[in-house]
Amino acid sequence: MASQGNGKQLLNKERAVNMITVRFFAALREQLSCDELSLPLNNIKNIEQVKQTLIGLHPHWQSHFENVSLLSAVNNDMVDRQYPVKAGDEVAFFPPVTGG
């Protein structure tokens with residue numbers, strides 16, 4: 001019989017597997033006063049649903065996520081708003097990059 005401690009570790013590991021990490025970069029990070037958070041995957045299927053979930057949790061972030069020039073990436077690859085997300089993914093949001 002497994003000890004209860006092992007059961008808790010497995011449960012915590014299972015919860016972590018059903019999560020995505022969301023990171024914010026550059027000016028967006030400063031505007032949101034947040035650099036990273038974890039979200040339970042639940043019914044989140046794509047980038048647009050990640051944005052809507054974040055707005056639901058932080059309504060004052062709405063204007064930032066409705067900005068059409070906001071860029072997104074999943075696991076370091078640039079993606080569009082319909083790109084699917086899965087457990088364990090790292091989703092990143094950042095403003096357009098300019099260079100000189």
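Residues are numbered from 1 along each chain as its sequence is written, and side-chain values use heavy atoms, with hydrogens and water left out. Because the model is predicted, local features need pLDDT of at least 70 and side-chain atom pairs count only at pLDDT 80 or more, while totals for chains, interfaces and linings use all residues.

The protein has four helices and five strands, where helices (H or I, at least four residues) and strands (E, at least two) are DSSP runs numbered from the N terminus. Read from the N terminus on, the elements follow the order α-β-α-β-α-α-β-β-β. Of the 100 residues, 29% count as buried; here buried means under 20% relative accessible area, exposed over 50%, and partly exposed in between (1.4 Å probe, protein chains only). The accessible surface comes to about 6700 Å², and 51% of it belongs to carbon and sulfur atoms; areas come from the Shrake-Rupley method with a 1.4 Å probe, and for residues only the protein chains shown count as cover. Among contacts (heavy atoms within 4.5 Å) between residues at least 6 apart in sequence, 53% join residues at least 24 apart.

Turning to the sheet, the five strands form an open, mixed arrangement in the order E2-E1-E5-E3-E4. Two strands pair if DSSP finds at least two bridges between them. Strand E2 (36-40) and strand E4 (77-79) are the edge strands, each pairing on one side only. From one strand to the next, the twist averages 30 degrees. In general, strands of a sheet pair through backbone hydrogen bonds, either parallel or antiparallel. E1 and E2 pair in the antiparallel sense over five bridges; Met19 has Pro40 of E2 as its bridge partner, and Ile20 stands opposite Leu39 in E2. E1 and E5, on the other hand, pair in the parallel sense over four bridges, with Thr21 opposite Glu90 in E5. Strand E3 (residues 71-74) and E4 pair in the antiparallel sense over three bridges.

Helix H3 (residues 47-57) lies across strand E1 (19-24), E2, E3, E4 and strand E5 (90-94), and runs at about 75 degrees to E5. Axes are lines fitted to C-alpha atoms, for helices over the stretch in contact, and angles run from 0 to 180 degrees between N-to-C directions. In a regular strand the side chains alternate between the two faces of the sheet. In E1, the covered face holds Ile20, Val22 and Phe24, and the uncovered face Met19, Thr21 and Arg23. In E2, Leu37 and Leu39 are on the covered face, with Glu36, Ser38 and Pro40 on the uncovered one.

A nonpolar core is a set of buried Ala, Val, Leu, Ile, Met, Phe, Trp, Tyr and Cys residues joined through side-chain atoms within 4.5 Å. The largest such core has 22 residues, of which Val22, Phe24, Val50, Leu54, Phe65 and Phe93 touch the most other members. Elements giving two or more residues to this core are E1, helix H2 (26-32), E2, H3 and E5. H3 gives the most, with four residues.

Finally, Ser72 is found in strand E3, and its bridge partner in E4 is Val79. Ser72 counts as buried because its relative accessibility is 6%. Leaving aside neighbours within four places in sequence, Ser72 is in contact with Ile47, Asp77, Met78, Val79, Asp80, Ala92, Phe93 and Phe94.
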